Amino acid sequence: MTAPLLSTARFELWQPALRDLPDLYALTLDDETRRFLGSFVPSEMDAFNRLHRNAGSWALHGYGTFMVRPRGADRIIANCGVFRSHRGFGQGLDDVAEAGWIVHKDHWGLGVAREVMEAALAWFDAAHGRQRIACMIEEGHAASDALAGKLGFVRYGRHQGETGPALVLYERLP
């Protein structure tokens with residue numbers, strides 16, 4: 001793409017491209033940014049897999065997360081949107097549209113996730129019809145809990161895997 005797919009008042013939302021790999025890797029290097037993203041250790045391989053999984057969601061389903069940049073900037077500050085998921089633990093999160101947002105800690109508290117997710121959800125609804133979308137948030141992540149509610153998601157369950165933190169499950173119904 002030579003232009004963003006969407007723009008908001010402050011941000012440009014791009015489909016993933018190979019040029020995004022270094023910035024996507026850098027996005028998750030910071031421990032604080034990654035605090036509620038599970039226990040993975042960031043690596044170039046993880047970023048490569050994340051980028052290709054996202055590009056695959058776009059290619060196969062017509063939607064995925066956006067690479068988010070401030071208007072006119074090159075650096076990715078967030079990765080947000082609706083993507084196709086298969087978590088493998090049932091409870092309404094297998095093979096379903098899933099919302100998610102990762103914002104670099106330098107941009108927390110500035111309304112980035114809300115502004116971008118409102119645009120992404122509006123675009124998704126217009127392009128694919130309003131449908132059930134799920135999301136999962138690590139238990140204790142108050143900011144994301146609050147954002148989920150503002151975006152129209154309601155809690156419907158909880159998942160505790162064999163390892164790692166508990167996850168609160170949300171859905172936005174049609």
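Student: What does R132 lie over?
Tutor: R132 lies over the face of Y156, at 5.2 Å from the ring centre. A charge sits over a ring here if NZ of Lys or CZ of Arg is within 6 Å of the ring centre and within 35 degrees of the ring normal.

Student: And which ring does the charged end of R19 sit over?
Tutor: That's W14, with the charged end of R19 5.0 Å from the ring's centre.

Student: What should I know about the model before going on?
Tutor: It's a predicted model, where local features need pLDDT of at least 70 and side-chain atom pairs count only at pLDDT 80 or more, while totals for chains, interfaces and linings use all residues. Residues are numbered from 1 along each chain as its sequence is written, and side-chain values use heavy atoms, with hydrogens and water left out.

Student: OK, ring pairs next. How many aromatic pairs does a search of the whole structure find?
Tutor: Four. Rings of Phe, Tyr and Trp (its six-membered ring) pair if their centres lie within 6.5 Å; planes under 30 degrees apart count as stacked, over 60 as edge-to-face and the rest as tilted.

Student: How are the rings of W58 and F66 arranged?
Tutor: Their centres are 5.3 Å apart and the planes make 70°, so W58 and F66 are edge-to-face. Both residues are buried, meaning under 20% relative accessible area, with exposed over 50% and partly exposed in between (1.4 Å probe, protein chains only). Ring pairs also link W58, F66 and W123 into a cluster.

Student: What about Y63 and F124?
Tutor: That pair is edge-to-face too, because the planes are at 90°, with the ring centres 4.9 Å apart. The pair links distant parts of the chain: Y63 is in the loop between α2 (44–61) and β3 (65–70), whereas F124 is in helix α3 (residues 112–128), 61 residues apart. Helices (H or I, at least four residues) and strands (E, at least two) are DSSP runs, numbered from the N terminus. Y63 and F124 are both buried.

Student: What span should α3 have, and what does the model give?
Tutor: The 17 residues of α3 should span 24 Å at 1.5 Å a residue, and the end C-alpha atoms are 24 Å apart, which agrees. The expected span is 1.5 Å times one less than the number of residues.

Student: Which residues in α3 are buried?
Tutor: Among them are V112, V116, A120, W123 and F124. An α-helix has 3.6 residues a turn, so residues three or four places apart point the same way.

Student: What happens just after α3?
Tutor: G129 takes a positive phi of about 80° there.

Student: Switching to strands: how enclosed is β8?
Tutor: Six of the six residues of β8 (residues 167–172) are buried, so the strand is largely enclosed by the rest of the structure. In a regular strand the side chains alternate between the two faces of the sheet. Both faces of β8 are covered, with L167, L169 and E171 buried on one side and V168, Y170 and R172 buried on the other.

Student: Which strands pair with it?
Tutor: Strand β6 (residues 133–138) pairs with β8 in the antiparallel sense over six bridges, and A134 stands opposite E171. Five bridges join strand β7 (residues 154–159) to β8, also antiparallel, with R155 opposite Y170. Two strands pair if DSSP finds at least two bridges between them.

Student: How about β4?
Tutor: Seven of the nine residues of β4 (residues 78–86) are buried, so that strand is largely enclosed by the rest of the structure. Four bridges join β3 to β4, running antiparallel, and M67 has N79 as its bridge partner in β4. Nine bridges join β4 to strand β5 (residues 94–103), again antiparallel, where S85 stands opposite V96.

Student: How many disulfides are there?
Tutor: Zero, from a search of the whole structure; a disulfide is a pair of cysteine sulfur atoms within 2.5 Å.

Student: Last one: is D23 buried or partly exposed?
Tutor: D23 counts as partly exposed, at 21% relative accessibility. D23 is in helix α1 (residues 21–27). Leaving aside neighbours within four places in sequence, D23 is in contact with D74, R75 and I76, contact meaning heavy atoms within 4.5 Å.
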